[in-house]
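This briefing covers the two ligand sites of one protein model. The points below are grouped by site.

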Amino acid sequence: MHLFNTLTRKKEEFKPLHKQVVRIYNCGPTVYTYAHIGNFRTFIFDDILRRYLEYKGCEVKQVMNITDVGHMTLDDDEHLEGDTGEDKLERQAVLEKKDPWQLAKFYTAAFMDDFKALRLREPMVFPRATEHIPDMIEMVRGLIDKGYAYVVDGEVLYDISRFPGYGRLSGNTLKDLKAGARVAVSEKKRTPFDFHLWKNDPRHIMQWPSPWNEHGFPGWHLECSVMAMKYLGDMIDIHTGGEDNIFPHHENEIAQSEAFTGTEYVRYWLHVRHLLVNGEKMSKSKGNFHTVRDLFAKGYDGAEIRYALMSAHYRQNLNFTLEGLEDSRRAIRRLRDFLAHLETCRGGGTGGRVSRLCDGAARKFEEAMDDDLNIAGALGAVFNLVRDVNRLGGDVSPEEAAEAKALMLRFDDVLAVMHEEREELSQEFKQKIEEREEARKAKDFATADAIRRWFAERGYELEDTPEGTRWKPKQGAKGGGDSRKVGE
Ligand code: AMP
Ligand code: ZN
């Protein structure tokens with residue numbers, strides 16, 4: 001399998017350090033608001049990578065952190081440096097007048113709901129930054145002892161001039177940074193590009209005492225180095241994130257970790273291109289984002305959103321549109337219809353043609369995925385199989401159909417869009433049905449009719465049966481899935 005390594009800027013053959021066990025660290029969400037679907041583009045990529053390695057028989061140890069300390073994030077490239085600027089968690093807490101701990105807890109739970117709805121496999125661990133403060137203090141102490149960090153006014157800074165490899169990942173070497181200097185010079189810093197390992201601010205909402213100050217909190221980069229190495233060891237196979245993480249976040253992680261351990265930190269760095277809206281990065285600060293919930297409210301489900309976000313190659317920008325979601329809905333429908341069709345095959349057999357088609361499709365799927373996770377190519381192989389088996393018409397025997405079905409389900413171990421999950425039925429739909437029941441009981445037929453129209457506008461019709469009300473896609477309309485009984 002080949003993966004494009006940001007560090008070497010080329011596709012390289014992927015070989016895990018320990019045969020068959022792959023250790024992966026994913027930069028996770030900052031939980032001061034709902035994650036948007038741009039974030040989930042990256043997390044879905046993480047999931048596909050993990051699932052494909054598992055498909056190939058590897059054991060994957062996956063860690064995704066939860067950034068619940070109030071850091072500013074390096075959203076956009078407004079700041080060259082990762083530790084200046086306002087603190088978004090703090091700002092949001094003030095905005096909502098909630099305790100930041102509660103806020104982080106609330107949005108962590110929301111993140112987990114969305115994570116499940118998009119069918120992501122749970123990592124081995126979701127470490128929270130706030131639960132690793134002593135480990136972080138330990139690492140800062142080690143970096144000071146080794147001469148890579150220094151203390152000024154109770155704050156600890158990393159001296160990037162001491163780390164010769166600085167800039168290897170992003171191209172931002174100290175020399176280039178000096179040439180293009182865009183940051184304000186701070187008197188505290190030895191070079192203006194040194195970054196904070198540990199800060200101090202009595203006004204900061206989350207703070208911990210440390211050997212250097214009373215009102216301290218860690219720099220954002222530090223937490224990922226600490227949690228990655230704690231759960232995965234000093235040298236890990238793969239580290240991922242969105243492309244905005246390359247600099248300074250990941251560059252600084254390398255500087256900290258390698259200075260601390262004296263060994264290489266990460267062997268393969270993978271970065272996902274941004275999800276765009278009208279050609280611009282979807283971002284919290286621009287406000288041009290959709291959350292998973294926004295799309296549920298428009299009647300789309302987790303599989304459809306997942307499909308739309310995963311269907312372009314991760315190293316290409318993807319422009320998000322609602323038409324894209326409609327395409328996803330149709331694509332999933334085609335896959336599920338095919339699975340349903342296979343259940344009905346009663347032919348006398350095609351003389352091995354189905355087997356040959358299956359072998360060819362499996363080979364093409366794997367060739368595409370082995371080539372830096374070329375998902376579009378892999379999906380192409382799946383849809384060609386659907387088309388070719390459909391063309392064999394009534395000849396396909398039950399045994400052949402079973403073979404095709406087994407392969408489709410194996411593909412779905414990676415894609416995770418074909419199986420239907422009752423739990424993920426839109427909450428809003430259920431609620432509307434309940435409201436309609438109430439209205440009918442109260443003989444408020446105007447409301448009951450309005451709700452029926454509400455479904456019709458979304459492409460569904462309602463069917464009242466003795467067991468309850470079901471919704472089903474109108475014939476030829478866009479709705480998705482089978483007829484469903486409420487509460488199933
Ligand atoms: P954050 O919650 O801002 O720390 O971001 C979580 C993850 O989402 C990071 O890996 C980011 O690089 C990634 N990310 C942020 N915006 C986008 C976007 N528009 N498209 C893809 N990934 C993104
Ligand atoms: Zn990170």
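A polar backbone atom of Met282 lies 2.8 Å from a nitrogen atom of ligand 1, a polar contact being a pair of N or O atoms within 3.5 Å. The model is predicted: local features need pLDDT of at least 70, side-chain atom pairs count only at pLDDT 80 or more, and totals for chains, interfaces and linings use all residues. Residues are numbered from 1 along each chain as its sequence is written, ligands are numbered from 1 in the order written, and side-chain values use heavy atoms, without hydrogens and water.

**Ligand 1**

- The side chain of Thr42 places an N or O atom 2.7 Å from a nitrogen atom of ligand 1.
- Lys284 has a polar side-chain atom 2.9 Å from an oxygen atom of the ligand.
- Of the 500 Å² of accessible area that ligand 1 has on its own, the protein covers 97% (Shrake-Rupley method, 1.4 Å probe).
- The shell holds 19 residues, each with a heavy atom within 4 Å of the ligand.
- Helix 1 gives the most to this shell, with 4 residues.
- Domain 1 (2-272) and domain 2 (281-415) each supply at least three shell residues; the bounds come from an automatic or database domain assignment.

**Zinc ion (ligand 2)**

- Cys27 (SG), Cys224 (SG) and His249 (NE2) are the protein donors, 2.1 to 2.2 Å from the zinc ion (donors are N, O and S atoms within 2.8 Å of the metal, or 3.2 Å for Na, K and Ca).
- Cys27 is in the loop between strand 3 (21-26) and helix 1 (37-55), and His249 is in helix 7 (residues 246-261), so the pair ties together parts 222 residues apart in sequence.
- Cys27 is buried at 7% relative accessible area, and His249 is buried at 0% (buried means under 20%, with a 1.4 Å probe and protein chains only).

How values were computed. Helices (H or I, at least four residues) and strands (E, at least two) are DSSP runs, numbered from the N terminus. Buried means under 20% relative accessible area, exposed over 50%, partly exposed in between (1.4 Å probe, protein chains only). A polar contact is a pair of N or O atoms within 3.5 Å; within protein, one must be able to donate a hydrogen and the other to accept it, and residues adjacent in sequence count only if both atoms are side-chain atoms.
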